[in-house]
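Look at the sequence and the model together, and keep both in view while reading.

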Amino acid sequence: MPRTVLLAEDDRAIRHALERALTLEGYRVTAVADGVEALAQAHRGRPDVLVLDVMMPGIDGLQVCRALRAEGDSTPILILTALVETAERIAGLDAGADDYVVKPFDVEEVFARLRALLRRTEGRTEGRMDGRTESRVDGRADGRAEAGQPDGTAGADGTAGADGPARPGGPAPSRSGPVPEEPDDGRYLAAAGLRMDPRARRAWRDGRELELTRTEFELLELLVRNAGIVLDHSTIYDRIWGYDFGPGSKNLAVYVGYLRRKLDRPGAPQLIQTVRGVGYVLRED
């Protein structure tokens with residue numbers, strides 16, 4: 001079955017050109033001219049991926065993102081933006097978008113970003129086989145990774161989840177309820193005072209539950225599964241986004257900053273450490 005794309009772009013020429021290009025690429029496209037219709041179409045039939053222009057009349061692309069994420073809709077979203085400032089791109093990620101393309105863009109880049117988003121979605125639905133977790137660092141399926149054993153290093157398992165309405169960069173609120181007791185099935189991961197339940201997509205630090213978006217959870221899980229191992233930028237981009245955005249991208253640094261604000265406390269060690277020129281590592285010195 002062809003993948004379905006909901007395209008929202010108010011510029012008629014861009015909308016028609018991109019609709020035609022996506023159709024020729026094999027996608028089934030529904031194209032609309034504003035955010036109101038985009039929300040209506042998203043509610044009528046869930047597409048595989050959304051492509052949203054930021055600047056649209058009425059409800060803009062960021063408002064569409066926020067509305068869908070607030071409803072618990074985790075459909076991948078690619079933002080089209082003519083705003084090149086870093087703060088504007090970060091605003092799109094904050095709103096719940098998974099990736100962005102800056103106008104004017106090469107249509108091949110749009111195709112590549114969509115393929116990466118769809119691979120990521122497939123990984124979340126197919127990452128578990130017979131109770132095992134697929135390793136996303138060394139490419140092996142290893143039952144030890146699920147149990148969090150030291151030699152079972154693996155990436156985030158990519159199970160489904162949604163970026164909620166909470167702002168990724170905000171404080172780290174706690175949900176009610178104690179940390180569950182350790183079961184016998186090895187479902188929990190633990191490292192450096194962190195504990196994670198990948199199946200329920202819940203995480204705690206020192207007994208305090210963390211409120212994480214989908215991308216934040218997957219990034220933290222990747223680091224926890226590989227605690228003490230320095231992961232380079234390219235590896236993290238490939239495992240979390242499915243696409244290396246290149247040395248100029250700030251996506252990873254933005255999300256590491258979000259996690260640090262939610263994980264770290266004054267006077268406590270910084271868990272996610274930067275290895276300059278290489279990448280990041282989770283360890284508690």
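G257 counts as buried because its relative accessibility is 18%, and buried means under 20% relative accessible area, with exposed over 50% and partly exposed in between (1.4 Å probe, protein chains only). G257 lies in helix α9. Between G257 and I272 there are 9.3 Å in space, C-alpha to C-alpha, although they are 15 residues apart in sequence. This is a predicted model, in which local features need pLDDT of at least 70 and side-chain atom pairs count only at pLDDT 80 or more, while totals for chains, interfaces and linings use all residues. Residues are numbered from 1 along each chain as its sequence is written, and side-chain values use heavy atoms, with hydrogens and water left out.

Helix α9 covers residues 251–263. Helices (H or I, at least four residues) and strands (E, at least two) are DSSP runs, numbered from the N terminus. From its first C-alpha to its last, α9, with 13 residues, reaches 18 Å, close to the 18 Å expected at 1.5 Å a residue. The expected span is 1.5 Å times one less than the number of residues. How many of the 13 residues of α9 are buried? The count is 11, so α9 is mostly covered. Among the buried residues are N251, Y255, R260 and K262.

Helix α7 (residues 214–225) packs against α9 at an angle of about 85°, and their axes are 10 Å apart. Axes are lines fitted to C-alpha atoms, for helices over the stretch in contact, and angles run from 0 to 180 degrees between N-to-C directions. Angles under 35 degrees count as roughly parallel, over 145 as roughly antiparallel, 65 to 115 as roughly perpendicular and the rest as oblique. The two helices α7 and α9 are therefore roughly perpendicular to each other. From α7, T215, E216, L219 and L220 meet residues of α9 that include L252, Y255, L259 and L263, where meeting is contact, that is, heavy atoms within 4.5 Å. By class, this contact of α7 with α9 has eight nonpolar, one polar and two charged residues. Ala, Val, Leu, Ile, Met, Phe, Trp, Tyr, Cys and Pro count as nonpolar, Asp, Glu, Lys and Arg as charged, and the others, Gly among them, as polar.

Helix α7 also packs with helix α8 (residues 233–241), at an angle of about 130° and with axes 10 Å apart. That angle makes α7 oblique to α8. The contact joins T215, E218, L219 and L222 of α7 to I236, R239, I240 and W241 of α8. Five of these residues are nonpolar, one is polar and two are charged.

Another pair is α2 (residues 35–44) and α3 (residues 61–70), which pack at an angle of about 30° with axes 9 Å apart. Helices α2 and α3 are therefore roughly parallel to each other. In α2, G35, L39, A42 and H43 meet V64, A67 and L68 of α3. This contact has five nonpolar, two polar and no charged residues.

T81 is placed in strand β4 (residues 77–81) and counts as buried, at 5% relative accessibility. Leaving aside neighbours within four places in sequence, T81 is in contact with V54, V101, V102 and K103.

For the chain as a whole, there are nine helices and 14 strands, and 49% of the 285 residues count as buried.
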